[in-house]
Amino acid sequence: MDGDALAQVRKRVLAGGAERYHAANAAKGKLFARERVALLVDDGSFVEDGLYANSLAEGLPADGVITGAARIDGRDVCVMANDSTVKAGSWGARTVEKIVRIIEKAYQLGVPMVYLVDSAGARITDQVDLFPGRRGAGKIFHTQVKASGSIPQVCALFGPSAAGGAYIPAFCDVVAMVEGNASMYLGSDRMVEMVTGEKTTLEAMGGARVHCAESGVGHFLCKSEREALDVVRTYLSYLPTNWTERPPSASASGPAGVDLAALVPASERQAFDMRRYVKGLVDENSYFEIQALWARELTVGFARLNGEVVGVLGNNSMFKGGVLFVDSADKASRFVQLCDAFNIPLLFLADVPGFMVGSAVEKQGIIRHGAKMITAISEATVPKICVVVRKAYGAGLYAMAGPGFEPDATIALPTAKIAVMGAEAAVNAVYANKIAAIEDPDDRAAFIAERRAEYERDIDIMRLASELVVDAVVEPGDLRAELIRRFAAARGKDRTFSRRRHGVNPV
């Protein structure tokens with residue numbers, strides 16, 4: 001082949017699929033896969049692998065997937081991008097081989113793996129070649145699982161991720177989904193109707209909002225593709241290159257102007273937004289919330305304290321009173337494991353009444369999911385600090401890394417309360433019969449008030465400090481400086497946990 005012929009082949013491959021498919025994507029607000037890669041990575045840094053895969057076949061440039069190495073903000077990464085102008089981004093045998101190879105390369109190099117997904121799934125006509133073998137589609141997922149916790153894996157989803165292909169996002173640390181175009185589903189709407197009789201749509205069953213607000217498979221709901229690419233870039237800015245390194249430091253800045261003392265109401269019945277509290281505590285504009293639309297009774301995300309990355313978990317009484325449910329327990333478990341895998345210290349901000357009770361949540365497995373959360377917190381060996389912002393009742397104290405879970409410190413604010421339950425519930429539990437027997441309303445009220453006062457004295461925070469249950473009682477205005485010092489002191493801690501291969505997760 002002479003130079004002119006090679007140039008023609010290269011031009012054809014780089015152009016992707018037919019013009020009508022480009023036009024159809026553009027009408028939906030979708031960018032060409034190569035544009036997505038160019039927008040994400042540093043200029044001139046992309047080195048492509050397998051450009052000529054399946055180049056002898058008609059209409060299959062690069063076999064529908066773009067893979068290679070690049071840099072994002074000067075840091076090495078590997079990238080995979082489905083080209084939906086080529087057979088709707090579907091997988092053939094060479095597509096699968098290219099995806100497996102690039103994940104293997106990322107793992108071997110110890111660099112983050114970025115997936116830009118827009119695929120209709122496997123080509124049924126090629127199933128024997130791509131599906132069942134040792135280097136078939138299953139090898140993609142096996143390799144992702146092997147790389148999990150070793151290198152960051154992040155997915156931006158721009159279109160469908162269908163059938164088995166839906167597991168690529170599921171095995172990533174986080175998934176950014178473009179509203180209106182992105183979807184994940186194991187079976188199409190037509191297949192669902194054929195198998196179950198249910199009439200639905202791809203959007204209703206597996207659209208971006210469904211997965212970001214209801215299923216929890218999605219982490220970021222994005223209005224545009226550029227926003228999704230920004231999420232990928234921002235997410236990686238908080239992560240180390242791999243599990244052996246520390247998260248990257250940044251220039252320190254002061255917190256947002258929030259009066260932390262005034263933000264927290266004295267009454268436990270009055271809600272406040274824990275996200276505002278976080279923003280008043282960490283470096284300004286550094287809080288990067290993850291899964292903001294799902295299980296909102298718990299807020300989780302990355303932030304910086306004096307320029308250093310921390311992972312934050314905070315109970316948010318604005319939603320369901322901050323009570324822990326099945327989904328919020330799962331949300332916490334996964335986030336804690338993510339931070340522990342990548343050497344990110346953990347900050348727990350407790351304002352928790354405990355886990356939800358009742359027949360509905362028991363049938364959903366609240367005990368099992370709560371156990372999973374407590375397991376993740378127990379196994380986390382990164383520096384972790386528990387701050388009781390207002391209350392930590394019952395197993396909620398355990399779930400927020402209370403004293404029994406070897407935090408590097410348990411800190412309380414002067415108004416904090418730690419107890420099996422709140423005073424009102426406790427008095428009712430102990431004295432219900434006696435209260436019912438008091439006929440005079442004034443006498444009854446006086447008796448309840450006396451018992452509540454006794455209970456409050458019993459759980460007084462200074463008593464708990466004197467008994468070494470909490471390590472420090474700190475004014476809200478001093479909390480940030482206290483945390484900065486304590487995280488710095490814990491930085492070199494021993495991270496061994498247990499003599500074993502691995503535990504048995506209570507899933």
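Glu454 and Arg451 lie 3 residues apart in helix α19, so about one helical turn separates them. Helices here are DSSP runs of H or I with at least four residues, strands are E runs of at least two, and both are numbered from the N terminus. The model is predicted: local features need pLDDT of at least 70, side-chain atom pairs count only at pLDDT 80 or more, and totals for chains, interfaces and linings use all residues. Residues are numbered from 1 along each chain as its sequence is written, and side-chain values use heavy atoms, with hydrogens and water left out.

The side chains of Glu454 and Arg451 meet in a salt bridge, 2.8 Å from N to O. A salt bridge is a side-chain nitrogen of Lys or Arg within 4 Å of a carboxyl oxygen of Asp or Glu. Arg451 is buried, with a relative accessible area of 13%, whereas Glu454 is partly exposed at 35%. Buried means under 20% relative accessible area, exposed over 50%, and partly exposed in between (1.4 Å probe, protein chains only).

The domain assignment of the protein chain gives domain 1 (3-238), domain 2 (260-420 + 460-490) and domain 3 (423-458). These bounds come from an automatic or database domain assignment. The centres of domain 2 and domain 3, taken over C-alpha atoms, are 30 Å apart.

In the interface, 6 residues of domain 2 are in contact with 5 residues of domain 3, contact meaning heavy atoms within 4.5 Å. About 460 Å² is buried between the two domains, and carbon and sulfur atoms give 24% of that area. Arg269, Asp460 and Arg463 supply 63% of what domain 2 buries against domain 3, more than any other three residues. Buried area is the accessible area (1.4 Å probe) that two parts lose on being put together, summed over both.

## Charged pairs across the interface

The rule finds 2 salt bridges across the interface of domain 2 and domain 3. It also finds 4 residue pairs in polar contact there, both residues at pLDDT 80 or more. A polar contact is a pair of N or O atoms within 3.5 Å; within protein, one must be able to donate a hydrogen and the other to accept it, and residues adjacent in sequence count only if both atoms are side-chain atoms.

Glu456 forms a salt bridge with Lys417, and their closest N and O atoms are 3.3 Å apart. Glu456 is partly exposed at 26% relative accessibility, and Lys417 is partly exposed at 22%.

## Other salt bridges

The structure holds 29 salt bridges. One of them joins the side chains of Arg500 and Glu379, at 2.5 Å from N to O. Arg500 lies in the segment after α21 (476-490) and Glu379 in helix α16 (residues 366-379), so the pair ties together parts that are 121 residues apart in sequence. Both residues are partly exposed: Arg500 has a relative accessible area of 41%, and Glu379 has 26%.

Elsewhere, Lys30, Arg36, Asp118 and Glu225 are linked in a network of salt bridges.

## Surroundings of Ser119

Ser119 is found in strand β4 (residues 113-119) and counts as buried, at 4% relative accessibility. Its side chain makes a polar contact with the side chain of Trp91 at 3.4 Å. The side chain of Ser119 also reaches the backbone nitrogen of Gly121, at 3.0 Å. Leaving aside neighbours within four places in sequence, Ser119 is in contact with residues including Asn82, Trp91, Pro160 and Ala162.
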